[in-house]
Amino acid sequence: MSQEIAVVVLAAGEGTRMRSSLPKVLHRLAGLPLVGHVLSSGRALGVSRTVVVIGPAMDEVAAEVAPATTVVQKERLGTAHALLQARKALEGFTGTVLVLYGDTPLISVPTLEALVRERAAPDNPALVALGFDADDPTGYGRHVVGDNGCLADIIEHRDATPAQRAIRRCNSGVMAFDGAVLFDILDRIGNDNVRGEYYLTDAVRIANAMGRICRAVEGPEEEFLGVNSRVELARAETLFQDRMRRKALEDGATLVAPETVFFSWDTCLGRDVTVHPFVTFGPGVCVEDNATIRSFCHLEGARIAAGAEIGPYARLRPGAEIGPNARVGNFVEIKKSTLEEGAKVNHLSYIGDARVGAGANIGAGTITCNYDGFGKYHTDIGRGTFVGSNSALVAPVRIGDGAMIGAGSTITRDVPGGALALTRASQETLDGWATGFRERRSGNGPRR
Ligand code: UD1
Ligand code: MG
């Protein structure tokens with residue numbers, strides 16, 4: 001099957017029921033805006049043109065979908081009217097035009113592939129519609145199949161007779177058209193219906209009247225969940241997370257309690273990675289083979305190399321590069337820093353804008369002081385360095401290979417390799433002082 005495919009995403013709906021100042025299709029599912037999910041399915045099909053139909057004052061959506069072409073539907077007169085706005089953008093295009101909705105993010109690539117494959121059938125159907133059997137078909141358009149097994153019509157719920165409402169096969173809204181006749185068909189669609197809207201679904205009746213074949217293929221109902229409210233957004237998130245968890249398990253990761261792990265749309269896990277309960281992945285995380293993520297970690301924009309161990313209770317922020325077999329322990333935050341192979345930051349530390357050389361050991365409570373209220377500065381910690389507990393490394397500063405920092409130091413100047421640096425006051429010890437103090441306070445000794 002070789003056919004050129006263009007995608008038109010309908011996204012002019014206001015999304016009033018979201019009760020939000022953000023356009024509906026910019027609400028995020030697993031970290032990616034709804035419309036981004038739709039576009040990524042299109043990309044997976046290898047589309048050659050992408051057009052997004054937006055409403056007035058939706059510049060943020062246009063910016064999000066760039067470099068896709070956006071066209072503005074000034075008045076929301078129905079799905080056929082929305083698609084008509086893509087006429088200029090699709091000028092001269094005679095391949096398959098796939099119509100998707102910006103608020104329907106769960107459609108899988110295999111389902112779309114089945115749809116466009118059917119569109120490329122030898123008898124060249126004018127359109128193929130995706131349908132599904134709904135548990136509750138109320139509100140959906142219904143597929144009316146003719147005696148020849150082809151699609152005869154799609155009737156919107158509100159225009160349907162009781163007999164038509166008894167049909168369970170519903171219209172998902174996703175359709176693939178023959179681009180050579182699409183606009184001929186759209187030009188003939190009127191708005192003589194209950195809502196006075198230009199229904200894209202009327203394309204079926206018109207194409208049939210033109211002597212062209214229309215077909216339907218079927219997909220799983222859960223892929224067609226449209227997001228109109230926060231409740232539906234939460235439901236879509238649940239379904240999407242289940243999908244991600246299943247994929248992680250199938251690809252060879254162990255999730256000790258899958259239902260407690262939350263992925264980003266782009267999380268990648270290698271083989272034999274173990275993720276303990278209650279871990280959240282933000283966007284841009286890649287975990288290589290045999291790494292372990294313990295409970296209660298929050299990871300975002302981080303790369304974790306093979307064999308590394310993270311957590312429990314660690315926070316990795318964007319730009320954290322954790323090297324092979326490195327360790328990041330409890331209550332450690334790492335931002336825009338590289339831990340080289342085998343480096344350890346095991347307890348209660350902040351490492352930001354830093355390099356921690358291979359095999360270095362960063363003691364409990366160490367802080368890289370990377371910010372002076374104006375700029376961010378780098379800390380460079382050499383290979384095999386030992387930083388004593390509760391040290392403050394005031395950037396910009398360099399600690400040479402193999403150096404040692406005494407516990408409790410505040411390091412403001414570079415430390416050469418192999419040196420010991422410490423800044424604490426020297427210790428004074430008064431023999432018996434504590435015992436004497438207690439005796440005095442409890443009245444057993446002489447009062448002074
Ligand atoms: C549509 C279908 C219906 C199907 C249902 C599935 C039509 C006439 N009906 O109905 O058969 O069962 O989806 O959910 O197509 N949009 C625009 N501009 C408009 C109107 C809509 O961009 O003028 C966009 C919306 O933002 C949305 C999509 O098109 O993403 C569908 O619109 P919606 O109003 O939800 O259509 P339904 O009435 O649900
Ligand atoms: Mg709808």
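A salt bridge here is a side-chain nitrogen of Lys or Arg within 4 Å of a carboxyl oxygen of Asp or Glu. Going by that, a search of the whole structure turns up 22 salt bridges. Keep in mind that this is a predicted model.

**The chain overall**

- The chain holds nine helices and 38 strands.
- Its radius of gyration is 31 Å, whereas a compact globule of 448 residues would come in near 22 Å.
- Along the principal axes, the C-alpha atoms fill a box of roughly 110 × 50 × 40 Å.
- Buried residues make up 49% of the 448 in the chain.
- The accessible surface is about 21,400 Å², and carbon and sulfur atoms own 49% of that surface.
- If you take the contacts with a separation of 6 or more, 42% are between residues 24 or more positions apart.

**Helix H8 and what it packs against**

- H8 covers residues 230–250, which is 21 residues.
- From first C-alpha to last, H8 reaches 30 Å, close to the 30 Å expected at 1.5 Å a residue.
- Its buried residues include Leu-233, Leu-239, Phe-240 and Met-244, and also Gln-241 and Arg-245.
- Those buried residues pack against helix H1 (34–44) and strand S2 (28–29), as well as strands S12 (254–255), S13 (261–262) and S14 (268–269).
- Just after H8 comes Gly-252, with a positive phi of about 105 degrees.

**Salt bridges to look up**

- Arg-158 and Glu-156 meet through their side chains at 3.9 Å, N to O. Arg-158 is partly exposed at 30% relative accessible area, while Glu-156 counts as buried at 12%.
- Arg-205 pairs with Asp-202 at 3.2 Å, N to O. Here Arg-205 is partly exposed at 40%, and Asp-202 is buried at 11%.
- Arg-398 bridges to Asp-380, with the closest N and O atoms 4.0 Å apart. This pair links distant parts of the chain: Arg-398 sits in strand S35 (residues 397–399) and Asp-380 in strand S32, 18 residues apart.

- Thr-379 lies in strand S32 (residues 379–381). Its relative accessible area is 0%, so Thr-379 is buried.
- Leaving aside neighbours within four places in sequence, Thr-379 is in contact with several residues, among them Asp-353, Arg-355, Thr-368, Leu-393 and Val-397.
- Gly-388 is in the loop between strands S33 (386–387) and S34 (392–394). With 4% relative accessibility, Gly-388 counts as buried.
- Gly-388 and Ala-407 are 19 residues apart in sequence, yet 3.9 Å apart in space, C-alpha to C-alpha.
- Not counting residues up to four places away, Gly-388 touches Gly-363, Thr-366, Ile-405, Gly-406 and Ala-407.

**A nonpolar patch on the surface**

- Phe-278, Phe-296, Tyr-313, Phe-331 and Leu-348 make up this patch, and together they have about 530 Å² of accessible area.
- One of them, Phe-296, is in the loop between strands S18 (292–293) and S19 (298–299). Phe-296 is partly exposed, with a relative accessible area of 42%.

Technical notes: Residues numbered from 1 in each chain as written. Chains lettered and ligands numbered in written order. Predicted model: local features only at pLDDT ≥ 70, side-chain atom pairs only at ≥ 80, totals over all residues. Heavy atoms only, no water. Patch = residues over 30% accessible without salt bridge, like charges linked within 9 Å, V, L, I, M, F, W, Y side chains within 5 Å. Areas by Shrake-Rupley, 256 points an atom, 1.4 Å probe, with all protein chains shown as cover. Helix = DSSP H or I, 4+ residues; strand = E, 2+ residues; numbered from the N terminus. Buried < 20%, exposed > 50% of the residue type's maximum accessible area, 1.4 Å probe, protein only. Expected span 1.5 Å × (residues − 1). Contact = heavy atoms within 4.5 Å. Rg over C-alpha atoms; globule rule 2.2 N^0.38 Å.
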